[in-house]
Amino acid sequence: MKKYLLIIGAVFLFSCNNNSSVKVNQGEAYFEYVEYTGSDPYYDQHSLDQGQFYNPILPGFYPDPSICQKGDDYYIVTSTFSFFPGIPVFHSTDLVNWTQIGHVLDRPSQFNNDSLPVSAGIFAPAISYNPHNDTFYMVTTFVRGGGNFVVTAKDPAGPWSDPIWLPEVPDIDPSIFFDDDGRAYLTNNQDPEGGSLYQGHKATWIQEFDWKNNKMVGPRKMIRDGGHNLADKPIWIEAPHIFKVHGYYYLTTAEGGTSINHSQVIFRSKDIWGPYETNPDNPLLTQRHLPADRDFPVTNVGHADYVQTSTGDWYAVFLGCRPYTAKNEYNIGRETFILPFTWDKDWPEILPKDETVPLILDKPNLENKLPGDKPVMGNGSFSWTENFNGGELAFDWIFLRTMREKWYTLEEGKPGITLKLRDVNIRELKQPSFVGRRQQHHNMSLETKLVFTPTTEQELAGLVFFQNEAYHLTLGVTQIDGKTHVVVQRAKEDPSIQRNMSGDNFDGTVEKVILAKKDISANYNGEILLRTSMKDGEFSFEANTNGEWETLLDGIDATYLSTEKAGGFIGTVMGLYASSNE
């Protein structure tokens with residue numbers, strides 16, 4: 001019965017559209033809607049009781065969270081690397097319900113990235129509020145761009161200023177702390193005095209930041225060499241944050257790299273300039289010692305930031321991953337989690353070392369005051385449908401690299417989005433005609449209706465699941481030997497490509513490989529339904545031109561798009577694509 005209803009519904013959809021007035025010009029592709037459904041096994045097996053919520057709070061590719069507070073309002077920003085607009089800004093009043101209110105970097109003048117690999121770009125933004133001038137500050141690193149910069153705004157929704165570059169601050173992960181006396185300090189990660197003693201040996205430095213003139217002043221000082229214990233050769237001490245409580249300055253940093261050995265450590269000092277003593281119970285957050293085959297694991301946890309609520313409670317936000325194999329393979333990237341923490345003898349405790357990160361938590365003692373008409377970030381199992389009839393793209397939709405030409409068209413009150421086929425493909429280090437959203441479940445499906453007639457073998461339009469320039473999957477319509485085909489294709493693997501985190505050795509020249517194809521020219525009227533699904537670690541690809549879904553390819557190993565295989569810092573971004581240079 002379910003299959004019968006599906007077929008009837010599809011026939012109805014096609015018959016209605018054949019009588020519609022949708023007209024697509026040559027060199028364009030029209031997508032009428034996008035429909036997403038996601039439901040992972042944990043949510044299927046564990047329902048919420050009243051007063052509970054699911055972790056993570058920002059599912060999908062939302063890594064490196066930073067949080068700040070003004071009154072009863074809380075704001076989070078996360079890394080975006082080479083995607084544009086850069087750095088989403090989320091708002092909440094209860095730490096559970098989050099709505100995106102904008103992006104920090106939404107203009108080309110703020111983010112000049114035309115040719116960097118996807119895992120370069122904007123790293124580890126840190127947001128803070130200065131009560132002395134009622135201004136928000138965001139400081140970050142533009143990797144393989146201009147280095148470190150700060151931007152400011154009176155309202156976190158924007159507009160934010162153009163970058164104020166900080167050439168005196170080297171390396172990565174700056175963060176600004178505003179002290180009670182009106183002075184401000186910037187901490188960041190860089191090489192220790194005298195240079196590194198081993199691979200990954202880093203240190204935490206501090207310098208005063210003159211917020212009245214937006215510049216660094218005075219000397220720089222190393223306040224922590226290595227991490228918890230230099231004798232253990234800790235690696236990649238990064239993402240430092242300072243907060244003040246109990247008469248101490250607490251310095252907290254990530255340690256161990258952002259994969260399975262990731263952790264969070266903490267130090268304290270009576271003087272902001274140090275010396276900083278180490279917490280004897282470090283790390284205060286990690287999962288690296290737990291068995292890989294545990295049920296519903298959260299791995300790679302660290303890169304934490306902290307906030308005290310208006311009711312006096314403390315919470316930490318941090319990144320974590322939800323793998324679907326015991327090999328720590330995950331496609332949806334590093335996500336934003338939250339945990340309450342307590343104080344024991346002047347040291348915070350986030351999670352006992354023998355406990356796993358919980359995926360269900362009790363709600364904080366806070367009130368949700370978000371407007372009812374604002375979209376709230378979903379977590380748990382959920383679905384959404386985008387009809388593109390609002391005249392502007394929702395904040396969820398992002399592009400690869402800085403947008404300098406508006407190659408898509410929306411009409412107020414009319415459904416659908418039209419993409420211009422441009423002479424760029426998704427394997428190049430340029431901006432393709434690709435608009436995407438983050439994949440947020442490992443069991444999911446994405447469907448669209450495409451109106452498009454290719455005229456050459458270089459023209460293609462359809463769905464893309466993108467992990468990076470050399471690792472992605474495409475389901476689309478193109479020409480082969482003069483006939484219209486629906487195809488499944490991916491980038492051709494090249495062992496010479498070094499899959500390091502920032503793509504330093506990748507030049508953007510990758511060939512494509514067609515995995516499956518079907519000639520649809522006999523009954524193709526220019527309209528097609530496309531659907532890509534992932535379930536139980538496998539991808540399937542379907543098309544529908546006559547009212548019935550037909551599988552082109554299934555059983556594709558989904559770990560092909562996992563971070564463990566594809567490398568990089570991002571998670572899968574799925575969306576709509578059109579090119580005249582395939």
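Modeller: Happy to. Let us begin with Glu542 and Arg531, whose side chains form a salt bridge with the closest N and O atoms 3.0 Å apart. The two residues tie together distant parts of the chain, with Glu542 in strand E37 (residues 538-544) and Arg531 in strand E36 (residues 527-535), 11 residues apart. A salt bridge here is a side-chain nitrogen of Lys or Arg within 4 Å of a carboxyl oxygen of Asp or Glu. Strands (E, at least two residues) and helices (H or I, at least four) are DSSP runs numbered from the N terminus. Both Glu542 and Arg531 are buried, where buried means under 20% relative accessible area, exposed means over 50% and partly exposed lies in between, with a 1.4 Å probe and protein chains only.

Before going on, a word on the source. This is a predicted model in which local features need pLDDT of at least 70 and side-chain atom pairs count only at pLDDT 80 or more, while totals for chains, interfaces and linings use all residues. Residues are numbered from 1 along each chain as its sequence is written, and side-chain values use heavy atoms, leaving out hydrogens and water.

Now to the other charged pairs. Side chains of opposite charge can pair when their charged atoms come close. Under the rule above, the count comes to 28 salt bridges. One of them joins the side chains of Asp40 and Arg322, at 3.9 Å from N to O. This pair also links distant parts of the chain: Asp40 is in the loop between strand E1 (28-38) and helix H2 (41-45), and Arg322 is in the loop between strand E22 (314-321) and strand E23 (335-344), 282 residues apart. Asp40 and Arg322 are both buried. Lys414 and Glu411 form another salt bridge, their closest N and O atoms lying 3.4 Å apart. Here Lys414 counts as partly exposed because its relative accessibility is 47%, and Glu411 is partly exposed at 44%. There is also a network of salt bridges that links Glu32, Lys449 and Glu527.

From charged pairs, let us turn to strand pairing. Strand E39 (residues 573-579) has seven of its seven residues buried, so E39 is largely enclosed by the rest of the structure. Two strands pair if DSSP finds at least two bridges between them. Strand E30 (residues 433-438) runs antiparallel to E39, with six bridges joining the two; in that pairing, Arg437 stands opposite Met574 of E39. Strand E32 (residues 460-468) is also antiparallel to E39, through seven bridges, and the bridge partner of Ala461 is Ala578 in E39.

Rolling a probe the size of a water molecule over the atoms shows where empty space is left. On a 1 Å grid over the protein atoms alone, a pocket is an open set of points where a 1.4 Å probe fits, with protein on both sides within 12 Å along at least five of seven lines, and lining residues have an atom within 4 Å of a point. Grid points are joined across faces, edges and corners, and a volume is the space filled by probe spheres set on the points. The largest pocket has a volume of about 940 Å³. Its lining has 39 residues, and Leu393, Ala394, Phe395, Asp396 and Trp397 lie nearest its centre. Strand E6 (86-92), strand E7 (99-105), strand E26 (382-386) and E30 are the elements that give two or more residues to this lining. By class, the lining of the largest pocket has 21 nonpolar, 10 polar and eight charged residues; Ala, Val, Leu, Ile, Met, Phe, Trp, Tyr, Cys and Pro count as nonpolar, Asp, Glu, Lys and Arg as charged, and the others, Gly among them, as polar.

Lastly, some backbone details. The peptide bond from Gly158 to Pro159 is cis, with omega about 5 degrees, and Pro159 sits in the loop between strand E10 (147-153) and strand E11 (164-165). Asn282 and Pro283 are likewise joined by a cis peptide bond, with omega near -5 degrees. Phe81, although not a glycine, has a positive phi of about 55 degrees. Phe81 lies in the loop between strand E4 (73-77) and strand E5 (83-84) and counts as buried at 1% relative accessibility.
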